[in-house]
Amino acid sequence: MVAGIRGDWFRLKLLFSPKIAEIRQFCSNEGPAGDCFWLLDMFLLLSGIRSNATSKWIGERTVRYSVNGLFIYQSIIAILHLIYAFKNDNNELLGIVFHTMKASGLFVAGAKVSLVAYFETSIANVRNIVAGNRIFSGDDTYDKLEQKQFNQSARKMMRVLYALLIIDAIFLCIPCAATKKLFTLPPPLLRAGPFLSSVLYVSSAQLLVLGAVPKFFSNMACIGTLIIGMRMRLKILAHRWECILNYPIESLKFYFERMDREVRTVVDQQMEYCRQLQTLKNLVEKSFFIVHYYSLYSIGSCFFVARELGLNVLTGVIYASVFAYLLKHYLWCHLVDSLQDVADTIGDVIYVHCAQMPYSREYHAQYVQLKASLMIIWFNTINGVSIQCMGMLNISTATFVDLINIIYSVLTFLINLA
């Protein structure tokens with residue numbers, strides 16, 4: 001009997017080993033899931049956005065139409081819930097806050113995914129800069145290392161977003177009284193038959209993880225990957241500045257000739273970088289405006305709803321979403337700060353070299369010209385990567401700290417109101 005069991009186990013192992021090997025290869029660094037841009041394209045497809053890569057996939061159109069149709073249906077349900085929440089005199093504050101938060105969240109998700117779709121051409125151009133080799137340091141080993149680190153960092157961020165989708169899907173599939181109460185169908189749809197009502201309920205509640213959640217995080221997936229990539233390219237530029245400015249000086253004649261040639265080359269690359277960064281800034285500023293001002297009241301409202309619901313599955317979904325949203329907001333601010341840090345590094349290298357530049361009366365004109373050029377580059381570099389939110393506030397870690405204080409104030413207000 002034992003021999004029979006071992007034989008069956010051996011046959012099952014032989015049967016499933018090729019599939020297991022395929023899954024391991026798929027998820028490994030050498031497989032498709034090891035490419036951060038493949039993960040990004042897949043996430044954008046789940047958000048209902050078409051890209052050049054996914055347009056060639058089998059079933060792409062079916063997936064895109066399905067998730068967009070599902071999102072439209074869920075938005076209609078959310079609007080009906082909100083209308084009847086305000087019409088019902090017996091409705092408690094918890095229901096009003098929850099349905100307002102849900103409807104506004106779906107509106108924001110639609111706005112975010114619309115921005116990503118609107119800036120499709122700009123995103124493609126920035127992506128070409130990140131994935132291409134138009135900006136290089138001349139040190140192939142360093143460039144490959146930076147590209148590898150970029151892929152690892154962006155892949156980690158994308159895998160966190162996929163993990164969030166899976167966690168939300170698991171929680172929403174677990175039966176819960178609070179979920180049934182707050183996600184029940186609005187009165188006009190309650191008169192449908194038992195089977196149709198079940199389908200409509202599942203589509204509006206459990207399938208939020210397919211219709212709305214990917215759209216809600218679509219801009220973070222896209223912008224986060226691109227900012228990490230642009231930081232990688234800026235670090236490569238910084239390394240190139242370090243190489244050309246720290247080159248040993250053999251004679252002033254060759255020094256000024258070489259510096260004139262090298263500075264022109266690196267400035268051409270930096271100008272190309274700045275042009276693409278400016279297009280990315282337009283998307284970041286508009287997206288951050290939506291994210292920041294939606295967060296001011298929504299996160300405090302989420303904490304209030306979770307507090308009123310008590311400990312249950314829906315509370316777990318809310319806390320997981322809030323944690324992911326706060327992490328996303330902080331990561332956004334941190335990435336913009338990290339861009340500024342790299343730009344400051346370039347500025348420091350140029351400034352130190354200007355202070356230590358060799359001088360000779362014979363090459364006075366070349367000295368003045370090179371020093372003036374480097375000072376202009378230094379000034380433009382340290383001031384060219386800062387990003388503002390529609391001209392109202394700087395995107396930085398300090399902005400995130402201010403957001404936390406406002407969230408606490410909103411939560412306190414709702415608690416006192418209840």
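How much of residues 160-180 is helix, how much is strand, and how far apart are the end C-alpha atoms? I looked this up and found 86% helix and 0% strand, with the end C-alpha atoms 28 Å apart; helices here are DSSP runs (H or I) of at least four residues and strands are runs (E) of at least two, numbered from the N terminus.

**Ground rules.** I noted that this is a predicted model, in which local features need pLDDT of at least 70 and side-chain atom pairs count only at pLDDT 80 or more, while totals for chains, interfaces and linings use all residues. Residues are numbered from 1 along each chain as its sequence is written, and side-chain values use heavy atoms, with hydrogens and water left out.

**Record.** I checked the unreviewed UniProt entry, which lists as "transmembrane region" several spans, among them 160-180 and 200-230; such annotations may be inferred rather than shown by experiment. For residues 200-230 I noted 84% helix and 0% strand, with 43 Å between the end C-alpha atoms.

**Helix pairs.** I then looked at H6 and H13, whose axes (lines fitted to C-alpha atoms, for helices over the stretch in contact, with angles from 0 to 180 degrees between N-to-C directions) come within 9 Å and cross at roughly 165°. These two helices are therefore roughly antiparallel, a term used for angles over 145 degrees. H6 passes H13 in a left-handed crossing, in which the near helix is turned anticlockwise from the far one by less than a right angle. Helix H2 (residues 36-46) and helix H11 (residues 218-245) pack at about 155° with axes 10 Å apart, and H2 also passes H11 in a left-handed crossing.

**Cavity.** I searched for cavities (sets of points on a 1 Å grid over the protein atoms alone where a 1.4 Å probe fits but cannot get out), and the count was one of 30 Å³ or more. The largest cavity has a volume of about 580 Å³, taken as the space filled by probe spheres set on the points. Its lining has 24 residues, each with an atom within 4 Å of a point, and Met101, Lys102, Val213, Tyr294 and Ser321 lie nearest the centre. Helices H6 and H13 are among those that each supply at least two lining residues.

Terms used. 1 Å grid on protein atoms, 1.4 Å probe; cavity = no way out; pocket = protein on both sides within 12 Å on 5 of 7 lines; lining within 4 Å. Parallel < 35°, antiparallel > 145°, perpendicular 65-115°, else oblique.
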